[in-house]
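Work through each task before reading its solution.

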Amino acid sequence: MRFDILTLFPEMFQGPFSHSILKRAQERSLIEIHVHYLRDWALDKHKLTDDAPYGGGAGMVMKPEPIFRAVEDLSQGSGEGFEVILLTPQGVPLIQSLVEELAAKEHLLLIAGHYEGVDERVRQALVDREISIGDYVLTGGELPAMVLVDAISRLLPGVLGEEESARDDSHTTGLLEYPHYTRPREFRGLSVPEVLLSGDHARIARWRRKESLRRTLLRRPELLATAPLSEEDLQLLAEVRKEEGK
Ligand code: SAM
């Protein structure tokens, strides 16, 4: 999978992409991340990339010409499986099913806005999809672009090792994940549930599924309406409801 990111602040990406799992994925050529400085496509001698808004008012607007030129350059040769994505608080909210859909693409070009955002014509004529990482406003699209690259990359084959598997992760199954424990067995008067020490894999799997249902019921009950639940899940859920008085 190839990511191209168009930004006015390329240095911001150095840290997050050069550590841990994303660093390893790039070294193993499982993902390619290319960060581009939008100013390189500016036309005038001052390399202007933003200007005052028509109609007046505060803030600057990112000019359309450099963005159009950059996207046209960077999308050359791309076909099926290519998308241009604008990060914006006005976009569709990023949820795990959308991350899964995007992980099936081959090449994504992400546009990080800044200031008041981009000239409307970028949205009208250049962008395939607009994505928001949540109902709040950040200073720029750089952090949202990093979030998107990270969330997508960890779903790509080989990026996570077996020990980091995404299989049971929260939202992947439609539920929140069960609680985790590691050594020591006793810590400050708090102990690890006995079942996890039993070595009985069937009992452990049942406990984990039940705790996953409990977590979801207590924290995000609305997810239960769409999560795919088996007959056994419904039985476990009934037990949890009884135990929790819900
Ligand atoms: N004036 C814009 C509005 O009200 O919709 C907000 C602009 S915001 C200050 C600057 C840039 O940050 C946006 O162009 C976008 O790229 C990015 N941004 C801010 N919040 C975001 C969010 N929740 N999701 C995705 N991108 C966001």
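**Exercise 1.** In which pocket does the ligand sit?

*Solution.* The ligand sits in the largest pocket. A pocket is an open set of points on a 1 Å grid over the protein atoms alone, where a 1.4 Å probe fits, with protein on both sides within 12 Å along at least five of seven lines. A molecule sits in it if more than half of its atoms lie within 2 Å of its grid points.

The model is predicted: local features need pLDDT of at least 70, side-chain atom pairs count only at pLDDT 80 or more, and totals for chains, interfaces and linings use all residues. Residues are numbered from 1 along each chain as its sequence is written, and side-chain values use heavy atoms, with hydrogens and water left out.

**Exercise 2.** Describe the shell of residues around the ligand.

*Solution.* Start with the count: 20 residues surround the ligand, each with a heavy atom within 4 Å of it. The closest are L87, Q90, G113, Y136 and L138. Next, sort by class: nine are nonpolar, 10 polar and one charged, with Gly counted as polar and Tyr as nonpolar. Then assign elements, taking strands as DSSP runs of E with at least two residues and helices as runs of H or I with at least four. β5 (82-93) and β7 (129-132) each supply at least two shell residues. The largest share, four residues, comes from β5.

**Exercise 3.** Which polar atoms of the protein lie at 2.8 Å, 3.0 Å and 3.5 Å from the ligand?

*Solution.* A polar contact is a pair of N or O atoms within 3.5 Å. At 2.8 Å, a side-chain N or O atom of Q90 faces a ligand oxygen. Of the 590 Å² that the ligand exposes when taken alone, the protein buries 85% (Shrake-Rupley method, 1.4 Å probe).

**Exercise 4.** Why is the protein described as more spread out than a compact globule?

*Solution.* The protein has seven helices and nine strands. Its radius of gyration is 23 Å, well over the 18 Å from the globule rule for 246 residues, so the protein is more spread out than a compact globule. The radius is taken over C-alpha atoms, and the rule is 2.2 Å times the number of residues to the power 0.38. The C-alpha trace spans about 70 × 40 × 40 Å along its principal axes.

Terms used. Polar contact = N/O pair within 3.5 Å; in protein donor to acceptor, adjacent residues only side chain to side chain. 1 Å grid on protein atoms, 1.4 Å probe; cavity = no way out; pocket = protein on both sides within 12 Å on 5 of 7 lines; lining within 4 Å.
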